[in-house]
Amino acid sequence: MAKVFLNGQPVEHAHEVHEHISPMSTYNAVIGALFVLTGLTFAVSFADLGPASLTVAMVVAFIKASLVVAYFMHLKYDDKYHLFVFLGTIIFVGIFFGFTMFDLKSRDALNDEQETFVRWKEMENAGKGLAVGVDNVPERRAKVLAEIEAHGGGHGGGHGEAGHGGGEHKTDAKAEHKAAAH
Amino acid sequence: MSNEHAHAPAHDDDEHNPHLAHHFDTMGQQTAAAKLGMWLFLATEILMFSGLFLAYFILRMFYPEMVLEAHEYLSKWAGGINTVVLLTSSYTMALGVRSIQLGDVKKLRLMLVLTILCGCIFMVVKYFEYSAKFEHGMLPGKFYSAHLHGYEIDGLPHIFFGVYFMMTGLHGIHVAIGLAIMLWMFVRAGRGEFNAKNYVAIENTGLYWHLVDLIWIFLFPLLYLVK
């Protein structure tokens, strides 16, 4: 018969199905472990672990996920190429998370260092409206707002069109909610 | 070449398997292609959900107190029950795949029914959770009105509930689709389409269902439990 290829590799005896059939004991042990770990996360959530609680919860979740992937999804016994696809995805998720978080966390420091934020503000103020820019530090945002207030009260009307980035929206929303609540 | 094909060895009963599509040489090859396709699909699913998880982490990073305060309004018990239900459904699904690996169609159908049952329980619990949130005005974005119902949550709770509804909602849609697929598999199994040599559709259904479970494993502690 014609040569048979599986995932790019020529295969001998391709008609044989080599599926691994796990014994019942494996499935029972895995579901038992999953229940125990769920109970553990649940119990831990009542204890006050502070910032460590996120780490603990994530570690437990990763163990649970690994059990499901390895035994229920048969990745432990499956074609290694499927494991490659799966782990490759996880790596890309890691890059996605890592770079975004790094950017958001280091943005303030960079703005301070290069005075990007201030320059941007000046540039915008030279034009028509008032730019508050994107600033995630409430104290500094308040300071900038006060500065702008002091420089020219007449600009109040230009607030809407100068809605630059998240900073202003956040303050607006906050104020709105405070107002609505009281 | 075609001559060679015609003289395939007699023991190769794949040639006569009615489930073998003509563009595959063997059942093994057909199964491998289907499973690889499924894993690639699961990869896109993981990437899609990762965006929502990232949104959650960013919200949490900028507004830790608000997230902690808002999450107190989610029922730990409802989430916990749903976790157990979903894990159980994954277990029965895995046993369903095992049954058909051993050629037991009857047991496969039983396991599919049990899995569907668990999925339905999950959806019912979700329904009660959602209706409580709707009643209290804990809704996403501009629909948020909990402050009119006497709930004061500082910060940006409308964003938190936006993330909550997007994450659990997209997950819920996946559960609903999974239920429909399992029902379809139940019917196909009844027609005698599956046997120990042809069950990749069941296996792929299982992979999809386990992924839904996998996402919940992370959703549950992040949304309901974490302090």
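# Pocket, cavities and interface of chains A and B

Colleague: Which residues lie nearest the centre of the largest pocket?

Modeller: A:Phe62, A:Ile90, A:Val93, B:Ile46 and B:Phe218, out of 25 residues that line the largest pocket. On a 1 Å grid over the protein atoms alone, a pocket is an open set of points with protein on both sides within 12 Å along at least five of seven lines, and a lining residue has an atom within 4 Å of a point. This is a predicted model, with local features needing pLDDT of at least 70 and side-chain atom pairs counting only at pLDDT 80 or more, while totals for chains, interfaces and linings use all residues. Residues are numbered from 1 along each chain as its sequence is written, chains are lettered from A and ligands numbered from 1 in the order in which they are written, and side-chain values use heavy atoms, leaving out hydrogens and water.

Colleague: Ok, how much space lies in that largest pocket?

Modeller: About 630 Å³. That volume is the space filled by probe spheres set on the grid points, which are joined across faces, edges and corners.

Colleague: And which element gives the most to the lining of the largest pocket?

Modeller: H3(A), with seven residues. H2 of chain A, plus helix H2 (27-62) and helix H7 (200-225) of chain B, also supply at least two residues each. Helices (H or I, at least four residues) and strands (E, at least two) are DSSP runs, numbered from the N terminus.

Colleague: How do the residues of that pocket lining divide?

Modeller: Into 21 nonpolar, three polar and one charged. Nonpolar here is Ala, Val, Leu, Ile, Met, Phe, Trp, Tyr, Cys and Pro; charged is Asp, Glu, Lys and Arg; the others, Gly among them, are polar.

Colleague: Switching to cavities. How many come to 30 Å³ or more?

Modeller: Two. A cavity is a set of grid points where a 1.4 Å probe fits but cannot get out.

Colleague: What lines the largest cavity?

Modeller: Residues of both chains, including A:Thr41, A:Ser53, B:Pro221 and B:Lys227. H1 and H2 of chain A and H7 of chain B each supply at least two residues there. That lining divides into six nonpolar, three polar and one charged.

Colleague: And where does the largest share of the second largest cavity's lining come from?

Modeller: From H7(B), which gives four residues. Helix H4 (76-101) of chain B also supplies at least two. Among the lining residues are A:Phe72, A:His74, B:Glu203 and B:His210.

Colleague: Now the interface. How many residues of each chain are in contact?

Modeller: 66 residues of chain A with 69 of chain B, where contact means heavy atoms within 4.5 Å. The two chains bury about 6,000 Å² between them, 74% of it on carbon and sulfur atoms. Buried area is the accessible area (1.4 Å probe) that two parts lose on being put together, summed over both.

Colleague: How many salt bridges does the rule find across that interface?

Modeller: One. B:Lys35 pairs with A:Asp78, their closest N and O atoms being 3.2 Å apart. The rule wants a side-chain nitrogen of Lys or Arg within 4 Å of a carboxyl oxygen of Asp or Glu.

Colleague: Which element gives the most to the side of chain A that touches chain B?

Modeller: H3(A) again, with 14 residues. The residues on that side of chain A divide into 40 nonpolar, 17 polar and nine charged.

Colleague: And how many salt bridges over all chains?

Modeller: Five. One of the salt bridges is B:Lys126 with B:Glu129, with closest N and O atoms 3.5 Å apart. They sit three residues apart in helix H5 (residues 105-135) of chain B, so about one helical turn separates B:Lys126 and B:Glu129.
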